[in-house]
Amino acid sequence: MGRKAPKVILTDQCASIQRAIELYMPTTIHRWCIWHIMKKIPNKLNGYKGHIDIEQEMSHVVWNSYTKDAFHRNWNVFLTKYGLGGNKWLSKLYEDWHIWIPVYLDHHFWAGMRSTQRSESMHLFFNKFITRNSSLRQFVKQYDNCLASREQIEREFDVAYFYTVIPCATKSAIGAQFQHVYTHEKFMEVQAQFRGKVNCITRSMHSTLGFTTYEVIEQVFNSTFNKFFITYDAVSREVKCQCLLFESRGILCHHSISILSFDRVDNMTLKYILERWSKNIKRRHTHIKSSQDEPLLEPRSKRFDELVFQSHNICEFESESEELTRILHWEFDKVMAEMQEYKERSKGKSSLCHEKATLSDVNELQSPHVSKQEAGSRTDLDQTWKKRSQMP
Ligand SMILES: [Zn+2]
């Protein structure tokens, strides 16, 4: 991983992996796969009377607790209601709340991942090509076929979607901002949020110097309503919702869209249009040459090949000694910083659009930017929400 620990990591419940991560990647945010935990509920709790209600209520507590205080309160009410205080499995799970409960983790960017299903689907993909009995020779050949297959799918998507757009579900000018930039798949996710706005009732709670707090009541079922507090800063045009959908998945939530519509905002800041969801992004594997795509090599892939060839020679020379290796690492970091600065300067000259969206550093997990200062203001915001929710 280029000597860098990942920002976040998702695993199933495994104590030895947990210890290894704590020891060797202390700055990495570790999350347990919630799907694996929730899958265990029927097996662990089916001895209790009314276990179906228990399962539903536990699921409700886990998914619909939008503040940390609310989670602890709801969990204790849930245990008391069903007499589950002595259940060891639940007690152990509760001790580890910080590693699997969404409200504790969703302020970090997970690109939509809460479970390890992505790696499962990758296993499924590779299983089509490789079995545990494959020889090394077969593995090399099949790996080549894997690359060709992935690249072919990417090219087919490009042809099918690059020059087409799907109609907006609403008349919102903000919705149209996503339409030409995002992949069809991501745009449909955005559209779902725009449609979800119809279930929201918005009211302004408090406003000072362009900073407004809103309350959004969302009808979830016939007689079930959820309440969210959202803030909007008219100067920076930043919107923050308690549900943390943008922070965790990079998709603006229907509560935020509802207050933007309420405030008649028709031009959203580009911060909410993430480059990583752009249909123009070329995934890393498309730069890795397979034996079948020589005639199809694009200019960028050719440039990539040339750079890899050149850097390979440098690495071979520099790896001869520790001192040379250290110098090269230092130079790489310096060049990377200069390139990022150059990219930022170039960005200022052109806004993100269909033709110009690129991902120069495919290793970087582009996430909704949350600065330390913002994290601090979020704590203040939590306090504001807490005080406001206690008001009559
Ligand atoms: Zn929201």
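How many bridges join β4 to β5, and do the two strands run parallel or antiparallel? There are 9 bridges between β4 and β5, and the strands run antiparallel. Keep in mind as we go that this is a predicted model.

Let's step back for a moment and take in the whole chain. Its secondary structure comes to 15 helices and 6 strands. Out of 392 residues, 17% count as buried. If you take the contacts with a separation of 6 or more, 54% of them are between residues 24 or more positions apart.

Now back to the strands. β4 and β5 make a hairpin, with 5 residues sitting between them. To find your way along this pair, look for Ile217, which stands opposite Lys227 in β5. β4 has another partner too: strand β3, residues 200-208, is joined to β4 by 8 bridges, and this pair is antiparallel as well. Two handy landmarks here are Arg203, which stands opposite Glu215 in β4, and Ser207, which stands opposite Thr212 in β4. As for the side chains along strands like these, there is a simple rule: in a regular strand they alternate between the two faces of the sheet.

The turn from β3 to β4 deserves a look of its own. This hairpin has 2 residues between the strands, and Leu209 takes a positive phi there. The value is near 45°, and Leu209 is a residue other than glycine. Most residues other than glycine have a negative phi. Is Leu209 buried or exposed? Leu209 has 8 other C-beta atoms within 10 Å, so it is exposed.

Arg264 does something along those lines, with a positive phi near 55°. Arg264 belongs to the loop between α12 and α13. It has 6 C-beta neighbours inside 10 Å and therefore counts as exposed. Further along the loop between α12 and α13 you come to Leu270. Leu270 has 14 C-beta neighbours inside 10 Å, so it counts as partly exposed.

Time to go inside. The largest nonpolar core has 42 residues, and Phe228, Ile230 and Ile259 are the ones that touch the most other members.

Setting aside neighbours within four places in sequence, Ile259 is in contact with Thr202, Tyr214, Val216, Ile230, Tyr232 and Val239.

α10 has 13 residues and reaches 18 Å from its first C-alpha to its last, close to the 18 Å expected at 1.5 Å a residue. Which residues of α10 are buried? They are Phe187, Val190, Gln193 and Phe194. Seen down the axis of α10, these buried residues fall within an arc of 110°, so they line one face of the helix. The spacing makes sense when you recall that an α-helix has 3.6 residues a turn, so residues three or four places apart point the same way. On the face of α10 turned away from the buried side, you'll find the exposed residues Glu185, Met188 and Ala192. And what covers the buried residues of α10? The cover includes α9 and α12.

That brings us to α9, which spans residues 173-179 and holds Ala176. Ala176 has 13 other C-beta atoms within 10 Å, so it is partly exposed. Ala176 and Asn267 are 91 residues apart in sequence, yet from C-alpha to C-alpha they are 9.8 Å apart in space.

Key: Residues are numbered from 1 along each chain as its sequence is written. This is a predicted model: local features need pLDDT of at least 70, side-chain atom pairs count only at pLDDT 80 or more; totals for chains, interfaces and linings use all residues. Helices (H or I, at least four residues) and strands (E, at least two) are DSSP runs, numbered from the N terminus. A residue is buried if 20 or more other C-beta atoms lie within 10 Å of its own, exposed if 12 or fewer, and partly exposed in between; C-beta atoms are placed from the backbone. A nonpolar core is a set of buried Ala, Val, Leu, Ile, Met, Phe, Trp, Tyr and Cys residues joined through C-beta atoms within 7 Å. Two residues are in contact if their C-beta atoms, placed from the backbone, lie within 7 Å. Two strands pair if DSSP finds at least two bridges between them. The expected span of a helix is 1.5 Å times one less than its number of residues. The arc is that of the directions from the helix axis to the C-beta atoms.
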